[in-house]
Amino acid sequence: MTAIQLGMPGHGLDGVPTLPEDATPQTRKDFTSDQEVRWCPGCGDYAILAAVQGFLPELGLRRENVVFVSGIGCSSRFPYYLDTYGMHSIHGRAPAIATGLATSRPDLSVFVVTGDGDALSIGGNHLIHAMRRNVNLTILLFNNQIYGLTKGQYSPTSQVGLVTKSTPLGSVDHPFNPVSLALGADATFVARTMDSDRKHLTEVLRAATSHRGTSLVEIYQNCPIFNDGVFDVLKDRSEGEARILHLTHGEEIAAGVNVVVRRDDGSLDVLPRDEADPARIVRHDAHADDPSLAFALSRLDDPSLAHVPMGIFRDVERSTYDDLVRAQIDGTVSGAGGPASDQDIADLLAGRDSWMVGTAGKA
């Protein structure tokens, strides 16, 4: 196996110890724990787990330098089934915990596994700020448009009108579009894939992991118990061909006989190719610094899944939070004034700003 080179940009790969060149190549079995996998029969999480277990050996990283942090939910059982370090953390707080880990331990490759309820409801702020800061994390957001672990309540991505245990008359909430949310937070890598498309899922994982900064990967995932078949129309071969708009950098954005075109007002539309002005057909630019086009693509979604962009929406470079924090501490950031010394810390503790325990104000 050829390990990813340490000098290659990656979410946590720079400085992460790799296996020696003469080491026995790792396999999926090396990353599979001895824990019984306990999801409902037919759950899309099985396919995602198999793809991740099969992909991890490609990184050439030591297992003790790979960490999966999860929140609460069906997807958050993920760390139990991987023979790496992991943490089943607090509801919605996985990005916050992973941020601290990535910042304090540059020798670790840190992943976050979360669901649409965990990440976008109680964890919404943590997710937004991880992406805004551009922390070196790969975030896998499993979206089944329902709460599964708590038995079928509607989630922040459930469609309007969905009847659930918590919305017996139908949901009146307008759902989040996770890709639009990520692009609005100026995330540097944003992609979408699907649990049943092993090839595409693995390709997206490769790209997300090689990106230095926050990578947000939304994965359409089926819940066979509480929201079964919500993405079936995309998984049907003929229907999927007509509905999935494939995003490939530098290529026209198309689905079957349809192409994406730019209107006079700058917005996007989907038209049959024979009705489209060739000059208006959009070629995908995943590396554009301005996220406007990527955001416009994300807005082509609708509840009918008539047009669903799938692939890498955005992949750009920007300074990362954890790299900057470490450089600031080391004194290598412009204006940092050199590394902190023991005397600096003593002066800070003995400074004029202090608090007296048991009093109501400042001393």
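Ser298 lies in helix α9, which covers residues 292-298. The model described here is a predicted one. With a relative accessibility of 0%, Ser298 counts as buried. Leaving aside residues up to four places away in sequence, Ser298 touches Asn177, Val179, Ser180, Leu183 and Phe313.

**Helices α1 and α6**

Two packed helices are described by the angle between their axes and the distance between the axes. Helix α1 is made of residues 45-55 and helix α6 of residues 198-210; they pack at an angle of about 50°, and their axes are 10 Å apart. Because of this angle, α1 is oblique to α6. The crossing in which α1 passes α6 is right-handed.

On the α1 side, the contact is made by Ala47, Ile48, Ala50, Ala51, Val52, Gly54 and Phe55. On the α6 side, Arg198, Leu201, Thr202, Leu205, Arg206 and Thr209 take part. Sorted by class, the residues in the contact of α1 with α6 are 8 nonpolar, 3 polar and 2 charged.

**Helix α10**

Helix α10 spans residues 321-330, and its buried residues are Asp322, Val325, Arg326 and Ala327. Helix α2, residues 94-104, is included in what covers these buried residues of α10. After α10 comes Gly331, which has a positive phi, near 80°.

**Cysteines**

How many disulfides does the structure hold? The number is 0. Cys40 is in no disulfide, and the nearest cysteine sulfur to Cys40 belongs to Cys74, 6.5 Å away. Cys223 is likewise in no disulfide; here too the nearest cysteine sulfur is that of Cys74, at 6.5 Å.

Are Cys40 and Cys223 buried, partly exposed or exposed? Cys40 is partly exposed, as its relative accessible area is 39%. Cys223 counts as buried because its relative accessibility is 8%, and the cut-off for buried is under 20%.

The table sets out the accessibility values for the residues discussed above.

| Residue | Relative accessibility | Class |
|---|---|---|
| Cys40 | 39% | partly exposed |
| Cys223 | 8% | buried |
| Ser298 | 0% | buried |

Terms used:
Residues numbered from 1 in each chain as written. Predicted model: local features only at pLDDT ≥ 70, side-chain atom pairs only at ≥ 80, totals over all residues. Heavy atoms only, no water. Disulfide = S-S within 2.5 Å. Buried < 20%, exposed > 50% of the residue type's maximum accessible area, 1.4 Å probe, protein only. Axes fitted to C-alpha atoms, helices over the stretch in contact; angles between N-to-C directions. Helix = DSSP H or I, 4+ residues; strand = E, 2+ residues; numbered from the N terminus. Parallel < 35°, antiparallel > 145°, perpendicular 65-115°, else oblique. Left-handed = near helix turned anticlockwise from the far one by under 90°. Contact = heavy atoms within 4.5 Å. Nonpolar A, V, L, I, M, F, W, Y, C, P; charged D, E, K, R; others polar.
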